[in-house]
Amino acid sequence: MKQFIAFVRKEFYHVLRDKRTLLILFGMPIAQILIFGFALSNEVKDSQILVVDYARDDASRHIIDRVEASRYFEVCKEAMSHKDILSTFQEGKIKAVLVFPADFNNDLLHNNKAKVQVITDATDINTANMITNYLTAIITDYQNDVNENLSIPYQIIPETRMLYNPQLKGAHGFVPGVMALVLMLVSVMMTAISIVKEKETGTMEILLVSPFKPILVIFAKAFPYLILSLINVSAILFLSVFALELPVKGSLVLLFAESTLFIITCLSLGIFISIKTNSQQIAMLISLMGMLLPTMMFSGFLFPIENMPYPLQVVSNIIPSKWFYIIVKSIMIKGLGIAALWKETVILIGMTMFLLIISLKSFKIRLE
Amino acid sequence: MEAIRVNHITKTYNEGKVKAVDDVSFSVGKGELFGLIGPDGAGKTSIFRMLTTLLLPDKGTATVDGFDVVKDFRQIRNSVGYMPGKFSLYQDLTIEENLNFFATVFDTTVEQNYHLIKDIYVQIEPFKKRRAGKLSGGMKQKLALCCALIHKPTTLFLDEPTTGVDPVSRKEFWEMLRRLKEQGITIMVSTPYMDEASLCDRIALIQGGKILSVDTPDNIVNTYPDRLYAIKANEMYLLLKTLESYPDTSNSYAFGEYAHATFKNNDVSELDNYLSSKGLSGIEIKDIEATIEDSFIRLLH
Amino acid sequence: MAEIEKVIVCEKLTKRFGDFIATNEISFEVKKGEIFGFLGANGAGKTTAMRMLCGLSAPSSGSAAIAGYDIYKEPEQIKRNVGYMSQKFSLYEDLTVMENIRFFGGIYGLTNQQIDSKTKELITTLGLENETKKLVGSLPLGWKQKLSFSVAVLHEPKIVFLDEPTGGVDPVTRRQFWNLIYAAADRGITVFVTTHYMDEAEYCNRISIMVDGKIEVLDTPGNLKKQFNAESMDEVFYQLARSAKRGD
């Protein structure tokens, strides 16, 4: 155990003393989150929206005023017919349409319940989603203000509709996506490189010719990256909650447990690559081409899997990040629990077991 | 009991296409300083790696401290010290951190065996907070030796410890090896420098994966069969060319400021005149004792 | 007798890295066709000095002319007139012998005709007739080094710089290598060589020994041995380098 600790300590020295690794480790997730995050919020600023007000009553007026006052929106035109909506959307200038039904205020007063429709252009999924969120927030605000003086609360129900991409694939997916990417990068590539580096510099030779069990060398090298990856997960979540205001709806404990599982999957993969290669360059290439690229392509993060040709959909099933992506998205955005995610979890566990076993099987206690 | 015993080992690479070690046998006694002398690519590193259990021989057997290098690799790994050819410590760790790390890996502490490395460590101790990557060649080598010694090995394997190191550091290094030998540690060392051969108790000359000769340096030199002459002239290049064309020359080559040569019938009576007639001046011819390098050159021919 | 051409003239050449003076006011001259041994312990400043002389690094102060060209103003001219070979980088291992020769011939601006005739000459001198289509990586180290030297002098430079050209090479090949050096010097190419083999120092016409960034001694091997009352260059070197204060 003393040996193991000494090893882990040494590993941290390596990481902390290598400025470039540090930058990749911690700079990259932060940069990615911020780039994605701000690219989005810039988009949303001063978005032109169309208001279709069939009600023309006090309630609808108030809400429209609030929307107009918000720095995110510019109410440009008040069209009256459904036909106008479609044609303005097609012009491409309008990002969203807010529709109040004719008896909006009436419904509120008599039924304590009214509907308002939010239609967005979902070709740009992320923006559409942001806008929906902001508009809903404004409406909810109004509702809360009105309810302060009422014994029976009013309920305004925004009905959101996405035009052109109604299922909203990939929306808000970038935080889970970045998480999968970063963990892949840190756990697969960094681990593989750091083990192969020992082979390259010849220190592996000395370690092999020592009483230290070779397999422990591998575990001792992987362990620090587990810690570093968990720090990264925390950093990403922190940024997404506080900088991007994207809360974690589900259980944080479950999210960390699933992340740890995925990190172990990645570490096993990193170990496997390091066993099979002898140079840092090749380890890096394999990690990049073999792991990062599929993660980007097949996890559903950038390209919806449903739109892919069938053979590629099949291929996507063997990419661990696809399952992790589904899990994180479900926990963070949908707030689902383990009951809904057991299938994906079991698949990830299976993959991890498989990778660990082939890594251990192919591990060599000599140089060849 | 012998410390190292090698029986007809052969090692090939690329599915047998490259023969790195070809039917090599030798043994090293306990407490001996044994040198494996030969150029790059002679097979020295392969032999070291087989003895340190890092590679498996294709054929043959070998033992270290009586343990078989294949079956008993764990015992061997516990008891030997190994310094690979390349500087193999962590460049981004300090001297102190490297030493402590290797001590822990070998399940010991620096204090426990400090007496073994004291002589060497005091020379680099003033720089103990410096990272290994920032050390000079000589200092790196001393640190590597400390790390290889820290667990009190019975046998020390040093693969080309002095390659690329300047003559002063090389000399100091060999003095350290001498002192370690006095403490009873068996040392097997390889080097491409012929002049270091005379510092070993016994040496094996190796080339192309084959051992040319195993003996004490003195015996190797004494059994040199021909009379060897050292010849000097003011015009070195012309001298070398002229010696080559001299009909009685059996072998000639440059050797420092002299040319060394052996002749058929060991007759040099006519040589002086011949050289003068070819325009050489300042001619000096003397009968000399062969060196290890002369023996090696003869064996290669 | 006409005055012998001086191909390297350096005057108080200095290179500083911050506070550290790697090369401290070195001055010396090397004549055409001379074999000049440039010795020193690791870290004495040899590599830095050699880089400046090849035009690869600008000096902090001092002056030098290589093959008649100023190292500050005409580094390009210098590069055209020198050859360089080191133990570390020599040839492309994944190209064949022939491809390497053609490539470096092209780099040095030889015409196709010149490359053809030079290649033929080189292959015969080295006895590589059967190896022209082999990858350089598959040749024994000694052959590689001989080939890489021959390639470094392919364009008949005025000076060739050799940085530890014979490290790890067997004694016989080492001597064959030196025969190539002698032959080049005989053709008028100045050879500037560093080595850790002290017997090779004896093969040089003159040698300098650097200690802590300065040239401590510069003379013929014979004179140096007399001066230090030493049997061999090894001893001379040891006496000098022992006093060195810094490592690399």
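**Chatting through sheets and surfaces**

Biologist: Hi! How many bridges join strand 1 and strand 2 of chain B?

Modeller: Eight bridges join strand 1 (residues 2–13) of chain B to strand 2 of chain B, and the two run antiparallel. Keep in mind that this is a predicted model.

Biologist: Which residue in strand 2 of chain B is the bridge partner of B:V6?

Modeller: That is B:F26.

Biologist: And which helix of chain B packs on the sheet?

Modeller: Helix 1 (residues 44–51) of chain B does, touching strand 1, strand 2 and strand 4 (59–64) of chain B. The direction of helix 1 makes about 60° with that of strand 2 of chain B.

Biologist: Okay, what is the strand order in that open sheet of chain B?

Modeller: The four strands come in the order 2-1-4-5, with antiparallel pairing. Strand 2 (18–29) and strand 5 (67–68) of chain B each have a single partner strand because they stand at the edges, so one side of each has no neighbour in the sheet.

Biologist: What holds paired strands together in general?

Modeller: Strands of a sheet pair through backbone hydrogen bonds, either parallel or antiparallel.

Biologist: Let's hop to chain C. Which residue stands opposite C:I8?

Modeller: C:I66, which is in strand 4 of chain C. Strand 1 (residues 6–17) and strand 4 (residues 61–66) of chain C run antiparallel and are joined by five bridges.

Biologist: What is the bridge partner of C:I66 in strand 5 of chain C?

Modeller: There the partner is C:Y69. Strand 4 and strand 5 (residues 69–70) of chain C pair in the antiparallel sense over two bridges. Their hairpin has two residues between the strands, and C:A67 takes a positive phi near 50° in it.

Biologist: Now chain A. How many helices and strands does chain A have?

Modeller: Chain A has 14 helices and five strands. Its C-alpha atoms fill a box of roughly 85 × 45 × 40 Å along the principal axes. Of its 368 residues, 52% count as buried.

Biologist: Where is A:L302 found?

Modeller: A:L302 is in the loop between helix 11 (280–298) and helix 12 (310–316) of chain A.

How values were computed. Residues are numbered from 1 along each chain as its sequence is written. Chains are lettered from A and ligands numbered from 1 in the order in which they are written. This is a predicted model: local features need pLDDT of at least 70, side-chain atom pairs count only at pLDDT 80 or more; totals for chains, interfaces and linings use all residues. Side-chain values use heavy atoms; hydrogens and water are left out. Two strands pair if DSSP finds at least two bridges between them. Contact means heavy atoms within 4.5 Å. Axes are lines fitted to C-alpha atoms, for helices over the stretch in contact, and angles run from 0 to 180 degrees between N-to-C directions. Buried means under 20% relative accessible area, exposed over 50%, partly exposed in between (1.4 Å probe, protein chains only).
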